[in-house]
Amino acid sequence: MNSLLTLLQEDDTICALSTPNGSGAIAVIRLSGSEAFSISKKVFQPLKTSLDLEKAPSHAVYFGCIMSGDEIVDEVLLAIFRAPNSYTAENIVEISCHGSIYIQQQILQLLLDNGARLAKAGEYTKRAFLNGKMDLSQAEAVADLISANSHSSHHLAIQQMRGGFSSKIKELRTRLLNFASLLELELDFSEEDVEFADRTQLLALLDTLEVEISRLVESFRVGNVLKNGIPVAIVGKTNVGKSTLLNALLNEERAIVSDIPGTTRDTIEDTLVLNGKMFRFIDTAGLRESDDIIENIGIERTLQKLEQAAIVLYVFDLNEITIEELNETLSDLSQQFNLEEKKVILIGNKSDELVEIPHHFVDLVDHETIFISAKRKENINLIIDSLLKTVEDPENIPDTIVTSARHYEALSLALKDILRVKDAFSQDLPADLIA
């Protein structure tokens with residue numbers, strides 16, 4: 001493995017813009033590699049002329065100018081980080097310049113002319129991984145941290161980047177490898193019929209592994225939701241105000257609203273961050289029987305989104321439905337989908353058109369019911385409060401939670417193998433087969 005990493009390592013010096021593309025007050029350009037100091041020395045003129053970048057103390061910032069021949073390109077701050085105490089474990093220089101696009105391009109061109117090359121996407125983190133500064137799961141967490149757009153996804157990425165997930169996996173793997181090595185050692189003494197691996201302890205470890213890995217596999221459902229946003233499907237019959245509700249929740253005209261039934265023929269999705277938690281709202285086509293081929297495709301997609309949703313907002317028109325019809329509809333949906341595993345909130349819409357709410361709707365005790373006027377944006381805050389109550393506080397989420405589909409697949413395969421080994425012991429199979 002180490003020899004493979006050595007082959008993958010590159011000793012050239014890379015440079016790239018570390019801040020977003022475009023103009024701004026400040027931009028940061030980073031170099032990493034063995035020649036980072038010598039290349040910077042060719043274009044940087046420090047205020048203190050006696051300063052030698054190749055000998056200067058690490059983790060310090062120096063003021064000076066970037067020069068193109070005798071011409072000043074910009075006044076900058078230049079920070080240096082000596083290997084191995086840097087992000088990539090290589091020599092790193094960070095140049096903080098003014099955010100003009102022209103200045104950024106000029107500095108990058110000067111660095112390229114003096115021996116650097118443009119970094120590829122993710123190459124700084126790749127070098128950090130290859131140089132042993134972080135493992136693969138931590139490297140993946142860097143991308144998650146950069147793309148985090150809610151407190152929940154940020155919290156999970158920070159936990160993973162700091163190695164909470166990795167340390168747990170390493171601990172379990174080390175314990176299993178110790179037993180696996182003892183089993184293989186027995187193969188060298190097969191004729192003496194010697195047992196080095198205590199079978200009782202090994203079975204206890206397998207039980208522990210099964211519990212721990214099962215918990216990690218199951219945590220992917222929560223981890224994936226918190227990372228990508230909690231899917232909330234807005235469903236109901238046609239013309240009950242689903243699109244109006246979506247617009248009210250997002251506080252913008254995201255979906256077309258019309259009195260004509262079947263206006264929404266496809267799913268419309270948008271995200272909203274509430275108290276640091278990201279929700280992915282999905283407006284769906286109205287549930288009804290239709291001869292329109294396109295509308296039927298939309299209804300089919302509605303059913304697919306309902307399957308995927310963690311929370312279902314079932315919208316109904318208070319003026320057009322009876323309690324019997326509502327119960328029958330929910331029963332039909334429960335037969336198609338396991339609603340017991342989803343949070344279902346009943347939304348009685350168009351309360352502004354009623355003189356008073358029918359008494360029989362107060363008896364809806366099986367599911368939480370909220371009466372609103374989406375058109376007037378009345379009681380929308382009650383829906384938001386209910387949504388927030390369904391989400392676990394990210395501070396209470398354990399460090400070892402799976403957010404990556406790759407990790408989920410690997411752990412699922414590992415769990416199958418653990419169960420196979422346990423089954424092999426129960427059948428008294430020879431140690432060589434178990435090993």
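Asp-428 is situated in the loop that connects helix 13 (405–426) to helix 14 (431–434); helices here are DSSP runs of H or I with at least four residues, strands are E runs of at least two, and both are numbered from the N terminus. The phi angle of Asp-428 is near 55°, a positive value in a residue other than glycine. With a relative accessibility of 68%, Asp-428 counts as exposed, where exposed denotes over 50% relative accessible area, buried under 20% and partly exposed the range in between, for a 1.4 Å probe and protein chains only. The model is a predicted one, in which local features require pLDDT of at least 70 and side-chain atom pairs count only at pLDDT 80 or more, whereas totals for chains, interfaces and linings use all residues. Residues are numbered from 1 along each chain as its sequence is written, and side-chain values use heavy atoms, with hydrogens and water left out.

A positive phi is also found at Lys-377, a residue other than glycine, with a value near 60°. Lys-377 belongs to the loop between strand 13 (368–371) and helix 12, and its relative accessibility of 45% places it in the partly exposed class. The peptide bond from Ala-83 to Pro-84 is cis, with omega near 0°; Pro-84 is located in the loop between strand 5 (71–81) and strand 6 (92–99). Most residues other than glycine have a negative phi, and most peptide bonds are trans.

The secondary structure of the protein comprises 14 helices and 13 strands. Of the 435 residues, 46% are buried. The accessible surface, computed by the Shrake-Rupley method with a 1.4 Å probe, is about 23,400 Å², and carbon and sulfur atoms contribute 51% of this area. Among contacts (heavy atoms within 4.5 Å) with a separation of 6 or more, 63% involve residues 24 or more positions apart.

Strand 2 (residues 24–32) contains Arg-30, which counts as buried because its relative accessibility is 17%. The side chains of Arg-30 and Glu-94 are joined by a polar contact of 3.2 Å. A polar contact is a pair of N or O atoms within 3.5 Å; within protein, one must be able to donate a hydrogen and the other to accept it, and residues adjacent in sequence count only if both atoms are side-chain atoms. Beyond its neighbours within four places in sequence, Arg-30 is in contact with residues including Ile-14, Tyr-87, Ile-92 and Tyr-124. Ser-32 also lies in strand 2 and is buried, at 0% relative accessibility. A polar contact of 2.8 Å links its side chain to that of Thr-88. Residues up to four places away in sequence aside, Ser-32 touches, among others, Ile-14, Ile-92, Tyr-124 and Arg-127.

Helix 9 (residues 242–250) packs against helix 12 (residues 380–390) at an angle of about 75°, with the axes 10 Å apart. Helix 9 is therefore roughly perpendicular to helix 12, a class that spans 65 to 115 degrees. Axes are lines fitted to C-alpha atoms, for helices over the stretch in contact, and angles run from 0 to 180 degrees between N-to-C directions. Leu-245, Ala-248 and Leu-249 of helix 9 meet Ile-380, Ile-383 and Ile-384 of helix 12. The contact of helix 9 with helix 12 has six nonpolar, no polar and no charged residues; Ala, Val, Leu, Ile, Met, Phe, Trp, Tyr, Cys and Pro count as nonpolar, Asp, Glu, Lys and Arg as charged, and the others, Gly among them, as polar.

Technical notes
Angles under 35 degrees count as roughly parallel, over 145 as roughly antiparallel, 65 to 115 as roughly perpendicular and the rest as oblique.
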